[in-house]
Structures are given as structure tokens and as C-alpha cells.
Amino acid sequence: MERTADTIAAIATAPGRGGVAIVRVSGPDAWRVAERVTGRRLSSADAGRFHRARFAAVDDGLLLVFKGPHSYTGEDAVELQGHGGSVAPRRVLEACLTAGARLARRGEFTERAFLNGRLDLSAAEAVIDLVDARTERAADDAFARLGGALTRPFERLYAEAIDLSSQLEHALDFSEEELPPEFDVRLRARVAELKAEVERLMATAREGRLLREGARVVLAGAPNAGKSSLMNALLGTDRAIVNAAAGTTRDAIEEGLVVGGWPICLIDTAGLRTTADPIEAEGVARAQTLIAQADLVLALDCEMAGALKVHAKCDLDVSPADVAPDVLRVSAKTGEGLPELKRALADRLAQLAANGDETCGADVTTRQRELLEKAAAAFARAHAQFTETDYVVAANEVRTAAEELGRLVGKTYSDDLLEALFSRFCVGK
């Protein structure tokens, strides 16, 4: 994989019509590329300043100069800020490539920021999550991680695991009689503490998944319970077909929306009943699968453990006295009860995501959770070895835990990991 020996360039702003477009250049020859494109000589005095410039007779605008390591990538860099649209920024980019830069890969600017120590892997993952955030809540979480909300606990755990590993390695040079009193008791307790801290961080993974991917909320119930009408009412559009005939919905219908700051994938399903129609039966089977996989179910006029119970036709001669107190009364037709349903939905999602630990203020990603699980398992195996007073195996397991924690912040990494992570970015980021 190419690293940082060459100079890269890309359009850093979204394509299409716009007032301003930015072409970003980074690498050892970034200033030289800018000089060739603008005809302007650059010096250290130009760093951190804007300069009016003409870009190779194809556009004009502002040139912003950065001196490494005080840039996003940690390298010498420039930004050429010109007119928006599709043609002008492409022509400026072509001028930069002609002047000696090459086209950047997806995420290569952020990859260089990581390789040059400007970001750790946790912060790099937060960058893409901030760009992809669909709600204020998701953006706040990503920004907290970008600011080090996870880096600090990860770094601390890694440092403590390394320290514990060194203590165990040192102990291997002595006989049991030479070790301090209760040496194994103290180290065993410390292993248990580190395992507990790892598990507390693991518990934040669910909220992070809900914020990044959206909660899967399934509408379930018998035919004609009002599922499709309720879906349309929540979306504010006629997304699902509504008909008085039972069994209209055969296959699942999915649509995204935001409720109380939570991104949601709302899923309408076939009515639950026994049927001889093979197509409808398949729809019912799929509905049951989706119900089992859901983060939350809105159960319309039926009982389901853990579901929010809803009566969606309260406008049809149904009084509050006829509906159980734990059932939300809603009219998909008039909109009555919809605000209350949305609040209840947001509250339930917050409860599902809650983990009781506010020490880090951010939520781990799937990759991070997998590494934390491996570290916790290694600490558990190390803890068990103290019963047998087997310091050799215990030391190996603690070293394994430290290695997994090191991967969280990029102390160790592979080219495949970097490729998988940074390929999720757009070109120019």
C-alpha cells in the first residue's frame, strides 16, 4: 500500500452545484504543486494564511497554506478554494495532477492523518460517522469520539494492560518464595478490574449501533389492525398500500425516519394469521423473522413481550375506557395520539440504548466491540490461571489482552484493516 512519500490531490467538497469548491493537496510536494498551479512562490510566512490566486488560467479564488505537522494530515498541504459546480473544480484538480500530484484514494487524507499521528483509529472512525450522521444525537456522539471521548479510556486501558503484563513478565524471573506477600492476590484483583472496565465499555456498543445504523422498529399485528395506515401516518406520506381487504401487505416495506433524535428503520409487515395462501404464508413467516430481529416492535392490538402496544384506530368508536391503560391510543387517520406515540418510541429506544455508564460519553463501534470482547476473554483466562498459580500462562493472556487493546487505537494494525476502514470514506476526506 502506498503511504506518504508522494503528494495527493482531490476535490474535498460534494459534487454538484454550489457556491464554493475546495481542491485539497497534501504531501511533501504540496507547496510546489500550488506554486506551479498559481504561479506564486510560497514560504513559511505564508502558512496559515489565505492568498488570492489564479488557478492555472482555469479559475480563481483563495489559496490556503498549511505547514506540516500543523495540518489535517500532518503534512505540508494546501487548499485551493474556487468556484463551485462540476466543471471548475475538476479543471483545478486536473491542473494539480498535471503539476505533480496524483489522485487520492478514498479516505487517504484521513489515513495520512492517522499514519502521521494526528488521529488514532478511534478518532478516524469517528470522522466517517460524523460525515454520515443522520441525526443531531448521532453527530454529537461522533464528535465526542473525534474529541477523544473513547481514545482516553482506550489509551488508559492499554497502558494499564502493558504495565500489568510487564509485572507478570518480571515475576517469571523469580521463584514463588521470592515474590512479595500476596503478589498473586493483588495481580489477580487487578486483572478482574481491567476485565470489568473492558466490559463496561463493551456495554456502550448497542447505543452506538442504533445511532449509526438506525433502530429496526417493526409494525406487527393481525391483518387490518392498521399497520400500513400507521406507517403512512408516522412517515407523513402514503408509502404503504392501505385497503380494507385483509392481507393486503404480503412483503415487508421499509422506510427511514427520525424520531426524537433517533434514526429509525420503520418496517411494515404482513398481518399475522394462519392462511392457506402460500404467498401470504411466506409474508407471515418473514414478518415473524423480522419481529425476532427487531430492536423494538409496535404491537397493534396484540400481545408481544417487550413491545409497545398500540391501538391505531381510536377514531372508530373506541373510547379510552375500552383500551387497556398500557396501550397507546392513536388514530392513523386523524393524527390523534401520534405525538404521544413518537415520544414513547423515543423513550423506549433511549431505554434500550441505556447502559448505566457515563464515564466515556461516547459509544463503541462494532470493530471496537469485537476487540474489547477478545481482550475481556483474555483477561478472564488470565484471571483463572492465578488459581493454578501459573504465571507463564497468565502473562501470555495479559499480553494478548494488551495487544487487542492496542489495536483499538492503532498501536498495531494491518494494511487490510486500514483498507477496510478508509475505503468507507469519500475521495477528498
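Biologist: What should I know before I start?

Modeller: Residues are numbered from 1 along each chain as its sequence is written, and side-chain values use heavy atoms, with hydrogens and water left out. The model is predicted, so local features need pLDDT of at least 70 and side-chain atom pairs count only at pLDDT 80 or more, while totals for chains, interfaces and linings use all residues.

Biologist: How do I read a pocket, and what volume has the second largest pocket?

Modeller: Rolling a probe the size of a water molecule over the atoms shows where empty space is left. On a 1 Å grid over the protein atoms alone, a pocket is an open set of points where a 1.4 Å probe fits, with protein on both sides within 12 Å along at least five of seven lines; lining residues have an atom within 4 Å of a point. The second largest pocket has a volume of about 310 Å³, volume being the space filled by probe spheres set on the points, which are joined across faces, edges and corners.

Biologist: Which residues lie nearest its centre?

Modeller: Of 20 lining residues, these are Ile11, Ala12, Thr13, Ala14 and Pro15. Helix α2 gives the most to this lining, three residues (helices are DSSP runs of H or I, at least four residues; strands are runs of E, at least two; both are numbered from the N terminus).

Biologist: What does β1 pair with?

Modeller: Two strands pair if DSSP finds at least two bridges between them. β1 and β2 are antiparallel, over four bridges, and Ile11 stands opposite Val23 in β2.
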